[in-house]
Amino acid sequence: MILACQNISKSFGDVDVLKNVNFHIEERDKLAVVGVNGAGKTTLLRIILGEEEPDTGTVVRARDIRIGYLSQHQDISFDNTVYQEMEQAKKYLIDMERRLRELEADMKHAEGVELEKILETYNRLSTRYDHENGYAYESEIVGVLKGLGFAESDYDRDINSLSGGQKMRIALGRLLLSRPDVILLDEPTNHLDMTSISWLEGFLAGYSGAVIVVSHDRYFIDRVSSQILEIEHGKSTLYRGNYSFYREQYEKKRQDEMKAYLNQQAEIAHEEDVIRKLKSFNREKSIKRAESREKLLAKVDRIEKPEELKTDMRLTLTPVTESGEDVLFAEHLKKAYGDNLLFQELGLDIKRGEHVALIGGNGTGKTTLLKILARKLAKDGGVVTLGARVRMGYFDQENQDLDPEKTLFDEMSDAFPEMTNTRIRNVLAAFLFTGEKVFQKIGDLSGGERGRLSLAKLMLSPANLLLLDEPTNHLDIRSKEILEDAIRDYTGTVLYVSHDRYFINQTATRILELRHKVLTNYPGNYDEYEENREKLFQLQNAENPYVDTNQTMTRDGFSIVSTDAYARETGGGGKEEYLQRKEAYAAERKRASDLRKLEKQIAAAEEELDEIGREMNLPENGTNVELLTKLTGRQEELEEQLLEWYEAVEELT
């Protein structure tokens with residue numbers, strides 16, 4: 001155990017945010033903390049870090065462990081360049097290297113005892129430098145920078161010239177390079193594109209330390225986590241598995257709790273009915289029997305009613321009119337900003353009922369394309385045609401359709417006068433506006449809150465074609481699920497830009513990827529896209545004069561050149577080198593996968609060993625020779641298996 005939270009409670013005024021939260025993590029554990037906005041996830045991280053004091057409970061840390069923290073709000077302003085700031089994480093190695101060079105120079109002029117002392121210091125320092133992987137720190141820095149989406153041309157840029165999102169990525173990279181024993185991450189994927197998120201998943205999955213992450217990115221935590229800590233109404237529940245396992249168990253737990261509650265309610269109702277009948281006889285013996293049963297009923301430990309997920313908070317989207325079969329058609333689209341050509345000769349054809357996700361790296365022009373299709377931005381060339389009876393609704397982050405002087409409730413009731421007050425409150429609740437918040441002025445809302453309100457309005461509009469730009473931004477997991485259900489059941493047509501891979505998996509019938517200034521079509525959801533991305537990119541763009549199909553992209557985000565092109569550029573000798581790199585990349589993917597499997601097996605075996613230990617220590621089992629023999633045999637079997645798995649982990653890392 002390297003870190004444990006024991007009975008952590010925290011209140012702010014009359015609100016109990018955390019109530020007796022308990023969990024512990026071991027070395028290499030990957031724990032994701034989930035819960036609705038305001039559940040206390042960030043507060044828990046700050047308590048672990050020591051920045052907040054719990055009202056009750058303690059945080060136990062192993063001796064000498066280092067904890068690294070990436071918060072959602074980093075105050076970053078450095079005088080360094082991008083590369084220099086990354087070097088700060090490895091400063092101790094750079095200082096060590098400089099000291100080794102000094103000792104090497106001193107050796108040339110030393111003799112006898114002095115030389116022996118220098119050699120002893122040099123050997124000790126050299127061994128530590130080697131153990132800390134000092135000879136590879138520069139390639140490690142480059143790997144992290146590339147993984148987080150920085151090009152080589154960015155290395156010498158002043159950090160103060162970067163955007164807020166880029167600065168957050170610098171803070172994340174510096175934290176990863178410092179390699180603390182425990183990494184605390186609060187929404188680390190907010191400022192990353194899909195390629196960088198995929199790289200981060202691989203990095204964390206193979207990380208030798210422990211990771212605690214707060215995130216609404218369900219695809220990310222599904223890939224990274226081995227345990228889920230759910231915080232609901234201040235109470236914590238630990239699930240040993242990834243996000244998919246947690247959702248399955250969570251639903252089962254809710255059903256079991258509701259079943260137990262309803263069964264008890266039925267038993268109580270039956271008993272109360274019997275008591276009423278006994279009293280109605282109005283005889284001394286029957287009244288005494290009724291009183292006796294009342295006393296027994298009063299002693300029953302009542303099951304608290306589980307909170308029901310309100311079915312009336314489901315959003316039902318029904319277009320007022322049905323469009324024709326052809327909904328949106330575009331061809332020869334071109335857009336450039338000065339010398340920066342985003343795309344040209346772009347075409348798409350969207351049919352009625354399709355739910356199409358538009359994806360691509362940051363800066364490729366996804367939002368620009370969506371605005372052109374929505375007629376919010378002028379194109380430099382090409383044609384956009386809407387089909388018959390198409391009514392378009394558009395959502396972006398600018399929220400220009402809101403009156404800052406109105407309250408949220410008035411904005412919705414004025415836009416939809418036929419809706420009941422209850423329906424309006426339920427729709428607003430689905431987008432995280434509850435209680436007195438609905439009577440707040442729109443002008444007082446944050447940017448994210450205005451975005452959620454615009455999305456709520458659009459979801460109820462009579463449009464039969466929805467164009468959405470990052471619709472899941474600023475939504476918690478429950479609200480995302482409500483939106484997913486609504487879009488999945490929507491009979492109209494949807495085209496949306498999103499980085500939320502779980503959302504895409506749940507809602508997309510087709511994916512369009514904007515890469516290398518062209519659109520590539522992928523039937524199916526995100527998992528199918530990942531499986532077929534390079535094959536379909538090559539097939540669809542082989543004859544396109546605007547695309548160099550020799551230039552492809554690997555999963556880790558590093559651009560590579562195809563075998564033949566690489567051979568041409570290197571005078572024929574590059575093919576072998578390329579194939580070696582390709583083979584090495586495949587081996588690394590397999591290594592990370594094997595490591596994840598081993599860690600799950602180890603966690604399950606260790607948990608079984610703990611359970612065996614508890615059974616062996618039970619007083620009633622102390623004289624049960626047959627059971628103890630069986631438990632001891634299983635214990636030895638597990639310990640032997642764990643030794644093999646530990647050795648395998650050592651080899652893989």
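Helix H6 buries Gly165, Gln166, Lys167, Met168, Arg169, Ile170, Ala171, Leu172, Gly173, Leu175, Leu176 and Leu177, where buried denotes under 20% relative accessible area, exposed over 50% and partly exposed in between, with a 1.4 Å probe and protein chains only. The model is predicted, so that local features require pLDDT of at least 70 and side-chain atom pairs count only at pLDDT 80 or more, whereas totals for chains, interfaces and linings use all residues. Residues are numbered from 1 along each chain as its sequence is written, and side-chain values use heavy atoms, with hydrogens and water left out.

H6 is mostly covered, with 12 of its 15 residues buried. Helices (H or I, at least four residues) and strands (E, at least two) are DSSP runs numbered from the N terminus. The buried residues of H6 pack against S5, helix H2 (82–88), helix H5 (137–147), S6 and helix H7 (194–205), contact being defined as heavy atoms within 4.5 Å. H6 (residues 164–178) lies across S5 and S6 and runs at about 170 degrees to S5; axes are lines fitted to C-alpha atoms, for helices over the stretch in contact, and angles run from 0 to 180 degrees between N-to-C directions. The end C-alpha atoms of H6 are 21 Å apart, in agreement with the 21 Å that its 15 residues should span at 1.5 Å a residue, the expected span being 1.5 Å times one less than the number of residues. Arginine 179, which follows H6, has a positive phi near 45 degrees.

S5 and S6 belong to an open sheet of six strands with mixed pairing, in the order S5-S6-S7-S3-S8-S9. Its edge strands, S5 (67–70) and S9 (235–239), each pair on one side only; pairing requires at least two bridges found by DSSP. Strands S6 (residues 182–186) and S7 (residues 210–214) pair in the parallel sense over five bridges, and valine 182 has alanine 210 in S7 as its bridge partner.

A separate pairing joins S1 (residues 3–12) to S2 (residues 15–25) in the antiparallel sense over seven bridges. These two strands form a hairpin with two residues between them, and glycine 13 in the turn has a positive phi of about 65 degrees.

Across the chain, 46% of the 653 residues count as buried. The largest nonpolar core holds 98 residues, of which Leu185, Leu204, Met412, Leu453, Leu468, Ile504 and Ile511 touch the most other members; such a core is a set of buried Ala, Val, Leu, Ile, Met, Phe, Trp, Tyr and Cys residues joined through side-chain atoms within 4.5 Å.
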